Structures are given as C-alpha cells and as structure tokens.
Amino acid sequence: MKNYLKPFLEAAVRAIGVEDVPEIALEIPRQAEHGDLSANVAMTLAKTLKKNPRQVAQDIVAALRLDATLVPKVEIAGAGFINVTFSPMFYAVQVAELLKQGQNIGRLEIGKGVKANVEYVSANPTGLLHVGHGRNAAIGDTIANILVWNGYDVTREYYFNNAGNQMNNLGKSVHKRYLELLNPSANPFPTAEEDDSLYRGEYIREIAAALQKQHGEALAEPTEKTLTLCRKTAEQWCFETIGKTMERMNIRHDEFFNEDSLYTDGKVKATVEDLRSRGVVYEKDGATWLALSKMGLTDDRVIIKSSGEPTYRLPDIAYHYDKLHNRKFDLVVDIFGADHIATIPDVMAAVATLGEDKSKVRVVIHQFVTLTKDGEAVKMSKRTGRAYTLDDLIEELGADVTRFFFVMRGVSTHLDFDLGLAEEQSEKNPVFYLQYAHARICSILRTAEERGVKVDAAADTALLVHSAEIELIKTLLRFPEVVAKAGETLEPQTIAEYLREAAAAFHKFYHECRILGEAEALMQARFALARTAQIVMKNGLTILGITAPEQM
RNA sequence: GCACCCGUAGCUCAACUGGAUAGAGCAUCUGACUACGAAUCAGAAGGCUAGGGGUUCGAAUCCCUUCGGGUGCACCA
C-alpha cells in the first residue's frame, strides 16, 4: 500500500519544485474518515518552502497523477494532511498480487547479501536455564527469524565460557555432593554461610549421583584428577541439559563460540596490543587499564587485573572486534539482560577506537521477568537452589505459550509473566486466539474438501467488497511492512501485536461473510482471501517460533 | 550519590518512532450458535498518558524538573 503510493507522492513533490525530496512518511489514520493512508509531507515542507501547509498540500495534490479507478479520493484535511482513499478495485489487485507469492508472503530481500550475527542465551555451563534466560532466548531467536525473513544471512550464536573459577567451583560443588552421597552423616557439603562459592541446585546432586553410579567410591580423594573429572562431567551435563531446553523451545544455534578460544588464538593479547598502540592502555597499581576517559566516557577501567587475569571487559572487546573485523559480519546483534547494561558503552568505545564501525553493532536490552500467579509473585531465586527453571515453565505451559509470552511485550518493559493466564487453556490466552484463527481456516478448507467443493486458484478478487473483506485485505497487505519494520527496530513484539490484529480481522470476516454455500465466484474469491490469511498467520507464527496448528 | 530502563483504563500492555477524537486483551455489564469450529463475534462502561514546566502548526512520544518502581555502578561474569 505504502510502496504503491510513495513514488506518486515523490513525483508530485518534485513537480512543485522541491529538489531535495524528503522521506515521505505515510501512515494509516486512526479515524476511518481520514482515508486509508495519510501523508504529512505538506506540513514538513511548509517550513522550508515558507508557505502555508494547506497551500503546499493543495499544490502537491494538484500535481498528483493517480489512477482514479484505484485511488478515487484524495483530500486535504486538518493542518495539511493529504488523505488518500483506495477503491475496492485497488485492494482486489493488491490481494491478487499477494496471493501470487504463495507461501512466501512476508519474505523480503532487504537484507540480501548482508551477514548478520545474532548472539543470545549465552549462559555459561554451570547450571540450568532460568526464566530470564527464556526471555533472552525467545527474543533472540525471534529477532534472528525476523532477520532471516528480511533476507539477511543469519548466524545464530551462543557465546559461552567454560574456563575460569566458576568452573572449578562447579567441579568442587559436584565433588562435595558426591562425598555426601558416600557418607551423608559427615556433612561434607558446607552451608551457604560457610562457603558461598558453591552451586547449590538440585542438579548438582543428580550429577554427583551419576558419578557415583559409574565410579563407585573411586573418586573420594579430591585430587586434581578427580576434580577435573567432576568439572568436566558437570560441564557436559549442563551443556546437554541447556541444549535440550533450547530444543524444546524450538531453538537451534549455528555456532557455539567459546570465550576460551579468544585466549588460545591470541586474540585477546592482540587486542590489548592494538589498543596499546593507539595510546589508550596504561599500567597502574600493577594492573592494566583502559583509558575510556580518552574515548568520551568518564571512568577508566581495569582490563587486566594485577593477578594477571583479564576482566570480563577485555574478552568482550576482543569478541566484538573478532566478529566485525575477522569474521566480517555486517550486522552484529547482542541480546542482553538489563544487568549487562553498564559494559556496553565501554565495549562500543573500544571497538570504535580499534577502527571498527560501531553502528554495525545493535544491542537489544531486555528488562527482567517477574512471574506472577493470582496476583502474587512466584519465586525464582537462584540462591535457594529451588529456582523456577525455564524447563519448569515449558513443562507447564508448552513451548508455544512460553515463547509467545516472552515476546508479546516490548523488550524494554519489565515483563510480568502471568502464570495464571498462561496456564489458561481458554479464550483468555492470547496465543490460542492466533492459533485458532489459523486452525479455523484449515477447518474451512477441510470441510470444503469433504463436501467435494473445489478450491479454484484463479479467483476473481474484485468480488471482495464487503467492509469486513476490505478490512481483512488491508490488514494482510500490511504483513510485509510489519516484517520490514521489525527488521529495522528489532522489536519482536510488533509481530505479535500484528498477528493479533490479523487474527481479529479474520474472525470478523468469518462472522460476517460466509464462504461455503455462497455463489461459486464469490465463494472462490473468499477462499482466496482465507488462504492468504492462512499463509500470513502461519508465516507470522513461524517467525515467532510458534506452531500453526491445523486443528486444536 | 551517578548512569540506564519504566510509569498510559481496575489489571497486563499497544499506539506504525512527533500527527488528527490515545487503542487492545483480561476483569465488569448487554446481546449473538438450526449454515464453514462460540478457543469466536457485536455492544456498553472505563483516561487530566504519575505531577509540573518547556520546544512547535501538533507531544504519551523530544528537553528540563519533581515523585514513585526496576537494574547497574569492583582489580566478579
């Protein structure tokens, strides 16, 4: 719709003597009386032209060369809006075009040839995924899908760290639980007060039990060898478990990037030297500092501790540099929880100092998740070891509902995950509203087949003139625009919101217009419309990583 | 104390990124199954967009400020 009108307006603006034609913003007015599309160019141009906006609008409209059978009405309203109304014929043509694309409605080529990397989840293999990881996973995977539909060449990446102290603590935790199994009365597992570095989740016991089963009492001595075995076993267990959880959410990463490789490849070292040669690294108090104050930020930060260990900032910088410079990604998307917010400016500044274009990096920050049920908060604390895990959530709700609830709100809002509503297997649950629309269309087509009614591909869409039909067409035509928009803003929630509207438009159409039993030509036209809606619903749900059931 | 996010209907959130009379779902109240699935549809009611200033043709949206909620501010990741 917008794409159809834009060139005409641009031509008209040029025709009235404006050389530098601005980006023409078109929007769908809230009020139906304001037409189907509204342009505000006249108002934005008024200032530079030093003319009354209404006068500018009149000039533009006078210069417009539109096909009156497709665009019967162009009005000037308010302060200088140009309101355009399309004819049913226009919609008939457009929907026929859409239908020609078959299953590919919404597949765009905006990002063709652009290498994109989306990094998400990225939990270290020290435990189970919790609810917060779930939001990260759902957002990240949906954004990856959105980019794929926009035509980008997408790599889904998981960044993890299986080195360092956290892993030793993990191994130690498993070993202590193992000793506990051998001799419970000795109480070998310290309390949280005695040692807060240990992992206390139930899963540690599981791993310990598996070790006991396999090795009996052979690992009782805490030698380096046994601790390494504990650590390795635990790491592998965690990774497998995380992988299973991801699989349940219909998520598969292409690349698992090990932080450790940045050290073994010498990339961390090279990054430090590179930064040093640019004069932004110095030594103080035995540590190595990054002079962020020279990059427009306020505080300098340590990148290598006096102990010789790097802080997390350093590998982060090396990692981003690697993605941009060595792996040559044109677009790097990071999905982070709100707790990472502080490090981003540092990493960006450093990457820019290293000569990379930091505008290629897009950071999506999502706020935290609170679980509520019947108005009360549900605990998901990690400390107690009895966290409400992502697996629990999927177990209880299924993958579709879980994913939908994570992306149906804007990423920057604190997500209130209403377990009561999510559990509801009824009309209250917004997921089913979308899925039902799809299932309903499938059902109509099934019924047609049962009754021996043929669905003809060559329908005359010009017969679709009912207001509910036009509304549905308008909504369906927006789908590619919505996908494109989501690709720019990286906001998954816009897809969810759109699908709700599309489902509503279909349900309304269904109630007001019969399909089966109508005169042949009209029936075929409505079949065509229903099938278009079916494809849009299916593709939209696919982007969200949710199934489009044929019956429910 | 400093930085970032948020504050919109009773509740959970939208608002096409500065547009015209701020919209949905849930909850409340009315209606609609003898034809394709009522997990649906139609309607009612619900608002000084936290408060106060500003910017302009025009502000929920941008700027300043106050108040509330969240998160982060280590030689932890």
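The model is predicted.

**Exercise 1. Describe how helices α4 and α20 pack.**

Step 1. Find the helices. α4 covers residues 88-100, and α20 covers residues 520-543.

Step 2. Read the geometry. Their axes are 10 Å apart, and the packing angle is about 55°.

Step 3. Classify the angle. Roughly perpendicular begins at 65 degrees, and roughly parallel ends under 35. The two helices α4 and α20 are therefore oblique to each other.

Step 4. α4 passes α20 in a left-handed crossing.

Step 5. List the residues. α4 supplies V95, L98 and L99, while α20 supplies A528, L529 and T532.

Step 6. Sort them. Five are nonpolar, one is polar and none is charged.

**Exercise 2. Do likewise for helices α5 and α14.**

Step 1. Find the helices. α5 runs over residues 131-149, and α14 over residues 399-407.

Step 2. Read the geometry. The axes come within 9 Å and cross at roughly 85°.

Step 3. Classify the angle. The range from 65 to 115 degrees counts as roughly perpendicular. α5 and α14 are therefore roughly perpendicular to each other.

Step 4. List the residues. From α5 come V131, G134, R135, A138, I139, D141, T142 and N145. They meet R403, F406 and V407 of α14.

Step 5. Sort them. This contact has five nonpolar, three polar and three charged residues.

**Exercise 3. Characterise V71, a loop residue.**

Step 1. Locate it. V71 is in the loop between α3 (53-63) and β3 (73-77).

Step 2. Check accessibility. With a relative accessible area of 4%, V71 is buried.

Step 3. Name the contacts. Beyond the neighbours within four places in sequence, V71 meets Y4, L66, V84, T85 and F86.

Step 4. T228 is 157 residues from V71 along the chain, and their C-alpha atoms are separated by 74 Å.

**Exercise 4. What are the phi values of N250 and L490, and is each residue buried or exposed?**

Step 1. Recall the background. Most residues other than glycine have a negative phi.

Step 2. Take N250. Its phi is near 65°, a positive value. N250 lies in the loop between α8 (224-248) and β7 (255-258). Its relative accessible area is 51%, so N250 is exposed.

Step 3. Take L490. Its phi is near 55°, also positive. L490 lies in the loop between α18 (479-489) and α19 (493-512). At 2% relative accessibility, L490 is buried.

**Exercise 5. Summarise chain A as a whole.**

Step 1. Count the elements. Chain A has 20 helices and 15 strands.

Step 2. Report burial. Of the 552 residues, 50% are buried.

Step 3. Report contact range. Among contacts with a separation of 6 or more, 73% join residues 24 or more positions apart.

Methods
Residues numbered from 1 in each chain as written. Chains lettered and ligands numbered in written order. Predicted model: local features only at pLDDT ≥ 70, side-chain atom pairs only at ≥ 80, totals over all residues. Heavy atoms only, no water. Axes fitted to C-alpha atoms, helices over the stretch in contact; angles between N-to-C directions. Helix = DSSP H or I, 4+ residues; strand = E, 2+ residues; numbered from the N terminus. Parallel < 35°, antiparallel > 145°, perpendicular 65-115°, else oblique. Left-handed = near helix turned anticlockwise from the far one by under 90°. Contact = heavy atoms within 4.5 Å. Nonpolar A, V, L, I, M, F, W, Y, C, P; charged D, E, K, R; others polar. Buried < 20%, exposed > 50% of the residue type's maximum accessible area, 1.4 Å probe, protein only.
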